[in-house]
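Q: I have a chain open here and would like to go through a few of its details with you. Could we start once it is on the screen?

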Amino acid sequence: MTVSLVGIRPFPLSLLSFLSLFTMGLLFLIQAPPVPAVSLLDGNFEEIPTPWTETTNTDCPIWIGNWQPAGGPSPQDGDRYFWSGGACITPPDVRQINSNSAAQTITLPGDAATLSFWYYAYKKEESMTGNQDRAYVQLDSQTIWSFDMEVARNTEEWVQVEVNIRPYAGRTIQLKFGATQDDDDDFGNVFFDNVQVLSRSTNILYLPLIRHDVTGWDSDGEPNNTCQEAFPISPNQPYQFLAQDVDDWYIFQTSTPGDITIELTDFAPVAGQIVLWAGVCQSASFLGHNGDFSTTKIIQVNNQPAGDYIIRVINDGATNNPDPYSLIIHTR
Ligand SMILES: [Ca+2]
Ligand SMILES: [Ca+2]
Ligand SMILES: [Ca+2]
Ligand SMILES: [Ca+2]
């Protein structure tokens, strides 16, 4: 049984000497911020045996390793990393498209703010019909980061991602990295390495510009009942919150000019509104409003500058505890 990375262009084997490993370790010690996530084990995918639990639909059970001999990239960190997607070749020449995952249960510290990880994406050819090849990161089965594996999105290098995980702070949850693929001839590869949970104090990306005595939110982003209490979220990441009260405020930032779409779905109270402003609470400019009597409410505004934005979700119907609504900000 062999693992084949058909379609990955070959990389020269990295000649990591003991000295270079030592240097990398030294840099790590200097640069790494405090990482309180004592319960996250083997975030670098280096340990043998590893505490990560792997699943796959193929006959190749192990996808944590050094995949340079199969054409994979040199590790972002250390010697090993997790390969999601790809394909497994079994004798004589049967190709099994791989949908797999690596998971572990962790307890997030109360001040957990960011999940940081690195990925490297490569796909040789596009799927001929509707591409279903996706990599993902999940917390308790909720997708907090997803990646459509497309040729145009090949990274050519390791890319760092930071995802806001404040709504999950303090929880014991399953963290899962993986990929699901369709069964057509073309498949994608996304490699993951160097996973870290960063505390609030080490991360300024999600700190709002203006905030009045709000030191924390619960797992549903509450309290977020005024603009000053707005819960910070990030564009292009799916979120779920509860309509268990009347007012939910959110703020986000864009780093480049472009079109912005606010998509509220699965809004169980049905009766409600979303409102979008540009700016900060003290000087906000109204951009759009949607009060459709529907579980889906969308606002799209085009050609907006990079900057600060405010969202208000108003529940005009019955309060609802069990059914979360979904909120995502698309920017392009
Ligand atoms: Ca590693
Ligand atoms: Ca495919
Ligand atoms: Ca709420
Ligand atoms: Ca609220």
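Q: Where does Pro-92 lie, in terms of strands?
A: Pro-92 lies in the loop between strand S5 (87-90) and strand S6 (94-97), where strands (E, at least two residues) and helices (H or I, at least four) are DSSP runs numbered from the N terminus. This is a predicted model, in which local features need pLDDT of at least 70, side-chain atom pairs count only at pLDDT 80 or more, and totals for chains, interfaces and linings use all residues. Residues are numbered from 1 along each chain as its sequence is written, while chains are lettered from A and ligands numbered from 1 in the order in which they are written.

Q: And which peptide bonds are cis?
A: The bond from Pro-91 to Pro-92 is cis, with omega near 0°, and so is the one from Glu-222 to Pro-223, with omega near -5°. Most peptide bonds are trans.

Q: What is phi at Phe-45, and is that residue buried or exposed?
A: Phi of Phe-45 is near 60°, a positive value in a residue other than glycine. Phe-45 is buried, with 27 other C-beta atoms within 10 Å; buried means 20 or more such atoms, exposed 12 or fewer, and partly exposed in between, with C-beta atoms placed from the backbone.

Q: Changing topic, what is the order of the five strands in the open sheet?
A: The order is S14-S16-S21-S18-S19, with mixed pairing, where two strands pair if DSSP finds at least two bridges between them. The edge strands, S14 (231-232) and S19 (283-290), each pair on one side only.
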